[in-house]
Amino acid sequence: MGGGRWRTGGRWRTAGSALVRVIVVWAVSTLTMLALAGLLPDFQLQLADGDSITRTALTAVWGAGAFGLLSALVWPVVVRALLLVPALVLGLLVFFLNGSLLLIALWLVPDGRGAADPSTAVVVAAVMSAVASATSTALAVRDDDAYRRRLYRLADRKRPRAAVTGGPRSVPGTLFLQLDGVGHRVLRDAVADGLMPTVAGWLDTSHRLTPWRTDWSSQTGASQLGILHGSNEDVPAFRWYEKDTGRLMVSNRPASAVELQRRAIARTGDGGLLTVDGASRGNLFSGGADQLALVLSMAARRGRSNRSRAGYFAYFSDPANAVRTAGSFVAETVREVAQSIRARLRKETRRVSRGGTYPFVRAFATVVERDVVVAAVIGDLLAGRTAVYADLVAYDEVAHHSGPHSHDTDRVLARLDRSVALLAKVAEHAPRPYRIVLLSDHGQSPGETFEGAYGLTLRDLVRAGCGLPVSRRVRRTRSGSEARDAARDALRNALHRPVDEVGEQMGEASDPVVLASGNLGLVSFPGVPHRMTREEIDRRHPALLHTLANHPGIGFLLVASEEHGSVVLGRAGAEVPVAELADDGPLAVFGRGAAEAVRRTDGFRHVADIMVNSMYDPATGNVHAFEEQIGSHGGLGGEQAHAFLLSPVDLSEPVADGAELVGAEQVHQVLRRWLRECAGPQVPLENSPSTSETEELLPVDGPVVPEKKS
């Protein structure tokens, strides 16, 4: 009986506190509206012939109340209706929508006393939303329960489930936070330079830093699939052509992502790292989690509630969030334009195109994606979820265009550290303790693009080696002319016949498919149903392999062989069977583990006819990307293959002393071991999605689609 009276009294106190907060926020919003009416000539709260101070104040009270009510009731509905709108467009619409709500609120004021110019309404609405949000948060912070409820609302989460809150609070959860593209050296340098004080503090007190080496395909698709699902078998690159299906697989396309996830589940027999009580935020793959936001492999699910954009609704349903993020989006876009102009004025030699839509793409990655993912993770922490895996992609996106060691990326690293600090602070208010693990999926290697260094693309070089036409622009460049001359000479010497006669006897062959994944290139001949051997390629295109292997911008080739199974080809006629491959010869400059990485990829079902790795200069750390990136990853060479794992010292050592952590699949095993140590999910097979269930998400079939430059 006494307990019931206590609970009733507690409910009354909670209701009373909420009412006080509403009144205070309403009063502050009213004062803000009055101040803006006095400052902005196109914003009026009185009739043309004037009103008394009391009447003007009542108009402000009415207008502020109507705007607040519309923001609370109408805004979430509008945002949900706009889930089909692309995220970039949604961010730009935020100001317009908020201003429209203010105009409606002023229209509701009796006697037509409220009026504003549309452009002024946008400004007034933005300021009022920001002030109201700041006031509400400041009041709520003094009340732990209210603050927690607000964060749940922003992240679209309910109160913690009884199973969590009622259980032992000593059982820790685990947050895995991936800093996309941040290599081991970059993290160490950022800590030494004071850019990441939160990480530095952890290293001094509570965490250990462990490097790990990626597979040959040093990119998010392969690494994250291995980390979350335990297998990245048969993922030779970021993009590749599959002869047996005619598909062009691209890791960051929803159709490809869901198919890769389906294959990994079928191969391993379990759903992934996050199968039980897990959350996946901002990732390419789900990891088996039931709580998803911005997960690419789930983006094409049928039904509005299952769309990956639903994560945007959870965040943008609060108009203050929307206004703040939209403002930061605009600021980041302007910042990118200014930095691009500065780089051009300084005549920096390593530059790629940063025009077109790129400023908006960068702003989305560094602002919108960050804010939405961080808000979702905050909700997960306060909901007490057992395991959360989130990816912050800001550094990777900026480093591609500005370079991995630039001033631009330094600023991004500092902002990432602030996000880490925020999540660590929120974790202190969670219903259970959390162990926070930071990790990366790969690094980035600097260097001028292949085209910038030699005046032609890899596709141009391949076509020249095949005796196919190339553009006049390429023929005018020194490297383009040399490539064509070398191809003609090699072809003539190989067959001891004029080039024109050889072309007639070979006949027309289908054009090769040439794809780029950072500094890793893939050449496939779709007209041949199987993986071509060196001997077959030499018979069809006698000059091709010689042209590629001896180009100064190329480090080595991998190609099948009738005689040796497979061989690695290098300059000056270097040739090593894969079975005898060691970390010397053509692979010497690429460091320890290169031979094993190449040997593993050679066994993939969908390895390309010719795998092309760019040169690597160990003195400078430079590689040549085969796409428009001055910071790249995807192949072997330099920092791109060296990621990091930052873990609490109360977790077991990732590997034994003196051992190396190699490959994403091994990282997966380490993370699963840590979850078991924390009494986390055990990934039971009976809870894993079946092959038929994963196929229902999105069938991946159809002809190969034209490759887009990225």
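Let's start with helix α17 (residues 458-465), which lies across strands β12, β13, β14 (554-561) and β17 and runs at about 150° to β12. Helices (H or I, at least four residues) and strands (E, at least two) are DSSP runs, numbered from the N terminus. Angles run from 0 to 180 degrees between N-to-C directions, with axes fitted to C-alpha atoms, for helices over the stretch in contact. Helix α23 (residues 594-602) also packs on the sheet, touching β14, β15 (565-569) and β17, and its direction makes about 40° with that of β14. Contact here means heavy atoms within 4.5 Å.

This is a predicted model, where local features need pLDDT of at least 70, side-chain atom pairs count only at pLDDT 80 or more, and totals for chains, interfaces and linings use all residues. Residues are numbered from 1 along each chain as its sequence is written, and side-chain values use heavy atoms, leaving out hydrogens and water.

| Helix | Residues | Angle |
|---|---|---|
| α17 | 458-465 | about 150° to β12 |
| α23 | 594-602 | about 40° with β14 |

Now for the sheet itself. Its six strands form an open sheet in the order β12-β13-β17-β14-β15-β16, with antiparallel pairing. Two strands pair if DSSP finds at least two bridges between them. Because β12 (513-517) and β16 (575-577) stand at the edges with a single partner strand each, one side of each is left without a neighbour in the sheet. Inside the sheet, four bridges join β13 (residues 520-524) to β17 (residues 610-614); V523 has I610 as its bridge partner in β17.

Overall, the protein chain has 25 helices and 22 strands.
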